[in-house]
Amino acid sequence: MISTFCLLGGAVATAQAQASLQGRPAQTTLRASLQRAITMAGVCGNAYDEAQRTRDIQDLDSVQARFIGRATGWWNTTYDTQEDSIHFARTYRNTHRIHTTDSLVIVQGAVFEFIRDRGATTSNADRIRIPGWVLRAWGEKADTVRYFVSANIAYAPGDTLDPIVHDKAQPFEVPDVTRLEARMWLYYRACSYLAADIEALHMGQMRLIANKDRYNDYAATRELFDRIRHFAQFGAPGFAQPNGRQGARRQWVALDCHSKRLLKSRGQDLFDFYSMPISAMKLYTNANTKSFYASGVYGTELLVNTCQNPNLNIFQDHEGPGLFLVEFDNSRSLSIAPNIGVEHTMWGWDEISWFGQQPAAYRADWLRYAHNWLACNDTNVFLQMPGQREQSIVDRNNREVKPLYRFNDTQLEKRRIREIWDGMYDNWVPAYAVPGAATASNVAIETDGVVYWVDSTSHTIVGARWDAAAPVPAWVRFSVGEVPNAAGDLRFEFAGSLFYRTLDHRIDYYKYEADTRRWVHYATNGPADVGGNLTFEGSGPFLNRRNYPTIFYRSLKGRLECLRYADSTATWTHEAVRHVRVDNTPGAIVCPTVGLVACISGGNLKAFQRNGSRWQNVSPPNGKGDVRSDLIWSKAAEDGAPDGSIGRFYYCSFTNDIGTTRYDYASGKWDDEGFSTVGVRNAAGDIILKDAAELLYRTTDKHIGSILWGCPQGPARRQGWLQTEYVGVQNCYRGLVRQRDNSLFYIGPQNTVRYLTWEGLKCIPPATTLGRRPLPEDAAAGPSQPARQPDKVE
């Protein structure tokens, strides 16, 4: 229930229903501002070098920011009443400086959930005197001289609804909004900021503050917010505001908090918008992989719900309607961050520290990618650009340093933010042709974005490397060797070991010698009957597969055969794998693990397992008869069980669908339900894995399609396949292949080698689900890696 309290002029009001509809910004105003939001922690309220502050404010104006997030706030950071007064005065002075150049800017303050450290008996709040206008607003005697009592602001001792009771890792105590002292404290901080020309208030983790209040329809929270919004309209009696006004600049305040779920009372949303940590999940590059950047990066990708952990996939798992900001949050990083594993998000769970440790060029590109991704996938979610925020870097000895990230430390990031907000990349598709690359063969990728192909005129193998360190970054071509006998089927056994099919139907290879910095040509001296489909025997998870020197292939007679390297004699020996016929189709052979090979034969899936010196037929009882091309193997739940033996075969069917069946090669057991299809109906070929939950393929109309195992309607709805498409790619003719950073190469018109960077975007159609039969073993989202692309596009 809302209690009676004193209003401006001494009038008493008991009906607050109308007040809840007032004191709020118009949605059009708020949306326009959030589209140009940037976090600038402390730019108005913190004490720091004034020359740097002047530069910061000028740079905010230069990018035309319209929402300055976290510009001021309190986390036990003022010692007493006098320091608090100085803090608010500084906030007003610097907020006024921002408004002198653009009066439409919304500057945000923060009223955090902190009141004192866990286990502490006092807080700096205990040294702050309660102003008379606060006492009067809450029905207390205005002439009473007393200070805030943190023990009465925090949850009472022994309260079972205190968040720290159930979270031993919670390092601080939070206010309990059901206690009068807490509401007075939060009101004091909020209204003092409004009196300093702050127009937006971030209320921190309000679900912690209101954890007890949720059992009473958030009545105490509603009362607090009604009074804050009433202050925004009319001010408070006895309060001489530093800005000379009564209430807020425009008589309203925009309230938000950290939450993916709306907080409602009496059916009405208590907030104007919500904020969420960005929490990108997929990690791709290793730190020592320079790839398309001059320095190593930890690449990260945004994603929709994968059903694996819906709570971490925020972008399609927030409640609507409503406006949301995603931000680069800060906390304490983990000491494992420099060697981050696939199970972690970003840089040890601290987003701004992850971001701040990347090369400047990658940071600028990632902002472009994230902004466009959100615009493509969720028009009610906006990216709050990282401007200024404290990082957390923790070493192996658990020592922490807190360097400050600044967006204006480099001109590149500052310029990119302005370009993004000005719409320069609204229709940008990061796809272009690799200069001078034309081939009639496939494209092979080594590491760090180095791409190889057979020159269609000379029949030699050439490559191209992106030189990120050059004064003008560009692709640099080079020759692998001078032997003009390459026909196609380029395959890497490992970095620096490139195999191929020759014009006279043999298998030759090149090895790179680091000492001489040249590629040396070798011949296997195998039979001259190699028809194609070169496939290495290998094992291991998708993203860390190890190849072995056994090459399966389709012979000119259409048989499944192989060449095996013998260390004892340093020679290649030839053998036939049964006498099965292999269809002359792309992707006809796949090797799930050592000693197991599968192929497409007569439209059926056939599998053979080595048993001593012989190959045993372990094919499924029903070969389906609809297996057309592009057979691949996906290890299920590879992150949780890297040595597991259960996986799935996927293939392109004669009905242009993607078919699948499950197999456990340890037990030899096939899926009891046999074969199933996804339901895309437009798959032309080139099926490749992006990660354990997502497949890419070439469509019948030369686009690049994607199917992701996801939850498009939230975690409570049915699982299924999401069908998406890469925006703007309309010329994928053949040869689609994935680089480890999740950029893509493919062959386009006139046999040109084309490149789609990791920034390629896919639009998720609303609530589109393909497939009916749950395949939960495919729901694990695996790691992978982004890289840099040139700014020049076609």
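How many bridges join strand S44 (residues 694–699) to S45? Five bridges join these strands, which run antiparallel; strands here are DSSP runs (E, at least two residues), helices are DSSP runs (H or I, at least four residues), and both are numbered from the N terminus. Two strands count as paired if DSSP finds at least two bridges between them.

The model is predicted, so local features need pLDDT of at least 70 and side-chain atom pairs count only at pLDDT 80 or more, while totals for chains, interfaces and linings use all residues. Residues are numbered from 1 along each chain as its sequence is written, and side-chain values use heavy atoms, with hydrogens and water left out.

The protein as a whole contains twelve helices and 50 strands. Of its 794 residues, 60% are buried, where buried means under 20% relative accessible area, exposed over 50%, and partly exposed in between (1.4 Å probe, protein chains only). Among contacts (heavy atoms within 4.5 Å) with a separation of 6 or more, 63% are between residues 24 or more positions apart.

Strand S45 covers residues 704–710, and seven of its seven residues are buried, so the strand is largely enclosed by the rest of the structure. In a regular strand, side chains alternate between the two faces of the sheet. In S45, Ile704, Ser706, Leu708 and Gly710 point one way, whereas Gly705, Ile707 and Trp709 point the other way. S44 and S45 form a hairpin with four residues between them, and lysine 702 in the turn has a positive phi of about 70°. S45 also pairs with strand S46 (residues 720–726), antiparallel and through six bridges; here leucine 708 faces leucine 722 as its opposite residue.

Strand S34 (residues 589–593) runs antiparallel to S35 and is joined to it by three bridges, with threonine 593 having leucine 596 as its bridge partner. The hairpin of S34 and S35 has two residues between the strands, and glycine 595 takes a positive phi near 85° there.

S35 also pairs with strand S36 (residues 604–611) in the antiparallel sense over six bridges, and valine 597 stands opposite phenylalanine 608. Their hairpin has two residues between the strands, with glycine 602 at a positive phi near 60°.
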